[in-house]
Amino acid sequence: MPWAFAWRLDEPLARAVYDRSRPNPHAFSVVDMRHPRYPPGPSLATEALTVLRHGTGPLLPMLREGLRYGDIAHWRFGLKHVYQLNHPALVREFFITHHAKTGRGLIMQRSKDILGDNLLTNPEPEHGRQRHLVQPAFHRERVLGYGRVMLACAEEVTASWGDGRVIDLHEAMQQLSIAIVSRALLDVEVEADTADIRAAADSIFELFGIFTMPLGEYLLRMPLPPVLRFRKKRARLDAIVQRVIAERRRAGSDRGDLLSLLLSAANGEGRGLTDERIRDECVGVILAGFETVASALAFALHLVATHPHVGARLCAELEAVLGNRPVCPEDYDQLAYARMVVCEALRLYPPVPAVARTVEDPFELAGYAIAPRSFLLVSQYTMHRDARFWPDPLRFDPERFTPAAVAGRDRFAYFPFGAGPHQCLGEPFAWMESVLVLAAIVQRYSVEAVGPREPNVRVAVTLRPKDLFVRLHRRP
C-alpha cells in the first residue's frame with residue numbers, strides 16, 4: 001500500500017508513492033514537493049536510488065526519469081541545479097536563443113585538462129576563432145574529395161573480411177573510421193597505430209565516471225588508476241600526432257587538408273600556432289571524428305541486419321543507382337534511402353546522447369528564473385524517443401525521414417549533431433562517410449545478426465554498442 005516518509009536533505013520534504021503509470025506496479029519513485037521557483041523533477045532520493053541501482057552508468061536512466069516530469073524537469077547534481085529540457089521549443093532556446101548566456105558543460109570543462117585546447121573543449125570567444133580557422137577543411141567541395149578517401153579505405157578494410165566471417169561491428173568500424181579520419185584530414189596512414197588510438201578513446205570512456213563526480217576536476221589530477229592509464233595512452237597518442245606534425249613541417253607542402261590549414265594558420269597575435277596547439281586540435285579531431293561515426297555505422301549495420309525488409313530496399317536502391325559499378329562520392333545525393341537508414345539509426349542511437357551547457361548570465365526559461373552556475377541539459381537520446389514527436393518511437397523505420405515527414409516535424413525534435421553556433425563542424429564529413437561506407441559495405445556483403453536483436457549499449461561521453469556481432473555473406 002502507498003506510504004510516505006520525510007526526507008530532509010536540502011529539499012523541504014519528499015514523499016515516496018507508488019507510481020501506477022509504470023509497467024511494474026510495485027515500482028515507486030520519490031516525488032518532490034518542491035519550492036515553486038523550480039520545475040518538478042526527481043528528488044535527491046530518487047537520484048541516489050538511480051545511481052545505486054545503475055552504478056557507473058546512471059545517465060540514461062536519469063534522463064528517462066527526467067522525461068516523466070514534462071517539458072522541463074529539475075534535478076540536483078551535488079549543490080548544482082540541473083534543468084532538463086524535453087520539448088523542441090525549449091531545445092531551440094537552449095541552442096539558439098540563450099546560447100550566448102551559457103558556456104561549456106561540466107564534462108567539456110573538465111575534459112580540457114586532459115584533452116588540451118581544441119574545438120571540443122574551448123569556450124567562447126576562442127572557440128569561434130578556432131571554428132573559423134578549421135571550417136574551410138569541411139566545405140562541401142573538400143568533403144566531396146574526402147569521399148574518395150573514405151571509399152578507398154572501405155575497399156581495403158572490407159576486402160579482407162571474407163565470406164562467412166563473424167566480426168565485432170564496433171571494433172571493425174573503429175578501425176575503418178580511424179583510417180578515414182587520419183588519411184582524409186591529416187593525409188597520413190596510421191594503421192599501425194590504430195590500437196593505440198582506440199586505446200586512448202577507451203581510456204577517456206573509462207574516465208567518464210570521474211568527469212561526472214562532485215569534485216571531479218580534482219580527482220582528475222590525482223594518481224588514480226584510470227587517470228594514470230589515460231595519461232599513458234594519451235602520451236602515446238601525442239607521440240603519434242607529433243611525429244606526423246614534424247614530418248609535415250619538414251616536407252613543407254600544402255596538401256589541402258586540415259593539418260595544412262593548422263600549420264599555415266596564425267594565432268590572434270599574428271604568430272603561427274605552436275606544435276602543442278596543433279597537436280591538441282588534431283587529437284580532438286581524431287578522437288571525436290572516428291568514435292562518433294564508428295558507433296553510428298555499427299548501429300546502422302546492426303539495424304539493417306535485424307530488419308531484412310530494410311536491407312532489401314537498400315539493395316534495390318544501390319542496384320538502381322549503381323548497377324554493377326562501385327559506389328563513388330558523386331552518388332551521395334542519389335542515395336536517398338541509405339541516408340534515411342543512417343538518419344533513423346542516429347535517431348535511435350545518437351552517438352552523443354546528451355548536451356549540457358553551464359549558465360553564465362541569468363535569464364528566464366519557461367517561466368522559471370535560471371540562475372548562473374546552473375546546468376542546462378538537452379538529450380538527443382530521450383527527445384528522439386519521445387512518443388509525442390515520434391509515433392511508436394522504439395520501432396526502426398527509415399520512412400520517418402522522407403522529405404514530407406521531415407518537413408512536417410519540428411526541426412528541434414531531431415538534433416544528432418546539435419544545432420546553433422556549436423553545431424558539429426564535421427557534420428558534412430560524418431554524413432558523407434556514414435552514407436558512402438554503409439552503401440559500400442551493403443553492396444559487397446549481406447549482414448546477418450549474431451546475438452540479441454536489441455543491441456547492448458554503453459554510455460559515457462558517447463553512446464557505444466557492446467558485443468555487436470554480425471556474420472558476413474559475400475554477395476555474388
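The model is predicted.

Helix α8 covers residues 194-206. At 1.5 Å a residue, its 13 residues should span 18 Å, and its end C-alpha atoms are 18 Å apart, which agrees. The buried residues of α8 are Thr194, Ile197, Ala200, Ala201, Ser203, Ile204 and Phe205. Helix α18 has 18 residues.

Aromatic contacts came next. A search of the whole structure finds ten aromatic pairs. In one of them, the ring centres of Phe94 and Phe95 are 4.9 Å apart. The planes of these two rings stand at 90°, so the pair is edge-to-face. Both Phe94 and Phe95 are buried. Phe95 also pairs with Phe415. Here the centres are 5.6 Å apart and the planes are at 70°, so this pair is edge-to-face. Phe95 lies in helix α3 (residues 88-97), and Phe415 lies in the loop between α17 (403-407) and α18 (427-444). The pair therefore ties together parts that are 320 residues apart in sequence. Phe95 has a relative accessibility of 6% and so counts as buried, the cut-off being under 20%. Phe415 is buried, with a relative accessible area of 0%. Phe94, Phe95 and Phe415 form one aromatic cluster.

Two cavities of 30 Å³ or more were found. The largest cavity holds about 50 Å³ of space. Its lining includes His302, Val450, Gly451, Pro452, Glu454, Pro455 and Asn456. Lys466, Asp467, Leu468 and Phe469 also line the largest cavity. By class, this lining has five nonpolar, three polar and three charged residues.

The second largest cavity holds about 30 Å³. It is lined by Ser182, Leu186, Val188, Val190, Ile240, Val241, Val244 and Ile286. Helices α7 (169-186) and α11 (225-251) each supply at least two residues of this lining. The largest share, three residues, comes from α11. The lining of the second largest cavity has seven nonpolar residues, one polar residue and no charged residues.

Most residues other than glycine have a negative phi, and most peptide bonds are trans. Asp467 lies in the loop between β13 (463-466) and β14 (469-474). Its relative accessible area is 46%, so Asp467 is partly exposed. Asp392 likewise has a positive phi, near 50°. Asp392 sits in the loop between α16 (380-383) and α17. With a relative accessible area of 46%, Asp392 is partly exposed.

One peptide bond also calls for mention. The bond that joins Glu124 and Pro125 is cis, with omega at about 0°. Pro125 is in the loop between α4 (106-115) and α5 (126-134).

Another loop residue, Asp163, was placed between α6 (140-159) and β6 (166-168). At 57% relative accessibility, Asp163 counts as exposed, because the cut-off is over 50%. Asp163 and Arg475 are 312 residues apart in sequence. In space they are 8.7 Å apart, C-alpha to C-alpha.

Cysteines complete the account. A disulfide is a covalent bond between the sulfur atoms of two cysteines. The structure holds zero disulfides. Cys315 has a relative accessibility of 22% and so counts as partly exposed. Cys343, at 8%, counts as buried.

Conventions. Residues are numbered from 1 along each chain as its sequence is written. This is a predicted model: local features need pLDDT of at least 70, side-chain atom pairs count only at pLDDT 80 or more; totals for chains, interfaces and linings use all residues. Side-chain values use heavy atoms; hydrogens and water are left out. A disulfide is a pair of cysteine sulfur atoms within 2.5 Å. Buried means under 20% relative accessible area, exposed over 50%, partly exposed in between (1.4 Å probe, protein chains only). Helices (H or I, at least four residues) and strands (E, at least two) are DSSP runs, numbered from the N terminus. The expected span of a helix is 1.5 Å times one less than its number of residues. On a 1 Å grid over the protein atoms alone, a cavity is a set of points where a 1.4 Å probe fits but cannot get out, and a pocket is an open set with protein on both sides within 12 Å along at least five of seven lines; lining residues have an atom within 4 Å of a point. Grid points are joined across faces, edges and corners, and a volume is the space filled by probe spheres set on the points. Ala, Val, Leu, Ile, Met, Phe, Trp, Tyr, Cys and Pro count as nonpolar, Asp, Glu, Lys and Arg as charged, and the others, Gly among them, as polar. Rings of Phe, Tyr and Trp (its six-membered ring) pair if their centres lie within 6.5 Å; planes under 30 degrees apart count as stacked, over 60 as edge-to-face and the rest as tilted.
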